[in-house]
Amino acid sequence: MVKWVAAMEMLLLVAATAVVVAAAQCDPEQLSACVSPIFYGTAPSESCCSNLRAQQKEGCLCQYAKDPTYASYVNNTNARKTIAACGIPIPSC
């Protein structure tokens, strides 16, 4: 239940901040496709991996890792496993 509430809070944060996009192509809303793998450790979908690849190419993952709003989501163990499962190198920010 706690994880579900946290997931919903993340989605609300993403929706609320989607209007203020950090960079031209950085869109935290794209991380919503990865909520289940990041919170529950499930296998990422192709949609999740595709979105992560797009965000990684723009340098967004490092941007999110440094942003207090998103840091706890992108720096956790399951997020790193999700990134690795998608074949994306873990960024060193």
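R53 is partly exposed, with a relative accessible area of 31%; in this classification, buried means under 20% relative accessible area, exposed over 50%, and partly exposed in between (1.4 Å probe, protein chains only). The side chain of R53 forms a salt bridge with that of E46, with an N to O distance of 3.3 Å. A salt bridge is defined as a side-chain nitrogen of Lys or Arg within 4 Å of a carboxyl oxygen of Asp or Glu. E46 is exposed, at 54% relative accessibility. Side chains of opposite charge can pair when their charged atoms come close. The whole structure contains 1 salt bridge by this search.

The model is predicted, and local features need pLDDT of at least 70, side-chain atom pairs count only at pLDDT 80 or more, and totals for chains, interfaces and linings use all residues. Residues are numbered from 1 along each chain as its sequence is written, and side-chain values use heavy atoms, with hydrogens and water left out.

The chain contains 6 helices and 0 strands, arranged along the sequence as α-α-α-α-α-α. Helices (H or I, at least four residues) and strands (E, at least two) are DSSP runs, numbered from the N terminus. Of the 93 residues, 34% are buried. The accessible surface of the chain is about 5,300 Å², and carbon and sulfur atoms contribute 59% of it; accessible areas come from the Shrake-Rupley method with a 1.4 Å probe, and for residues only the protein chains shown count as cover. Among contacts in the chain with a separation of 6 or more, 64% are between residues 24 or more positions apart, where contact means heavy atoms within 4.5 Å.

With a disulfide taken as a pair of cysteine sulfur atoms within 2.5 Å, the chain has 4 disulfides. Counting bonded cysteines along the chain, the disulfides follow the pattern 1-5, 2-3, 4-7, 6-8. One of the disulfides joins C26 and C60, with the sulfur atoms 2.0 Å apart. The link of C26 and C60 is left-handed, with -95 degrees about the S-S bond. C26 and C60 are both buried.

A disulfide is also formed by C34 and C48, whose sulfur atoms are 2.0 Å apart. The torsion about the S-S bond of C34 and C48 is about 115 degrees, so this disulfide is right-handed. C34 is in the loop between α1 and α2, and C48 is in helix α3 (residues 46-57), so the pair ties together parts that are 14 residues apart in sequence. C34 is buried, with a relative accessible area of 0%, and C48 is buried at 0% relative accessibility.

C62 and C93 are joined by a disulfide with an S to S distance of 2.1 Å. The link of C62 and C93 is left-handed, with -85 degrees about the S-S bond. Since C62 belongs to helix α4 and C93 to the segment after α6, the pair ties together parts that are 31 residues apart in sequence. C62 is buried, with a relative accessible area of 19%, whereas C93 is exposed at 53% relative accessibility.

In helix α6, the residues N78, A79, T82 and I83 are buried. The buried residues of α6 fall within an arc of 140 degrees when seen down the helix axis, so they line one face of the helix; the arc is that of the directions from the helix axis to the C-beta atoms. Exposed residues T77, K81 and A85 are carried on the face of α6 turned away from its buried side. The cover over the buried residues of α6 includes α2, α3, α4 and α5 (71-74).

T82 lies in α6 (residues 77-85) and is buried, with a relative accessible area of 3%. Apart from its neighbours within four places in sequence, T82 contacts P37, I38, P44, C48 and L52. The side chain of T82 also reaches the backbone oxygen of N78 at 2.8 Å. At the start of α6, a side-chain oxygen of N76 comes to within 2.9 Å of the backbone nitrogen of N78. Just after α6, G87 has a positive phi of about 75 degrees.

How values were computed. Polar contact = N/O pair within 3.5 Å; in protein donor to acceptor, adjacent residues only side chain to side chain.
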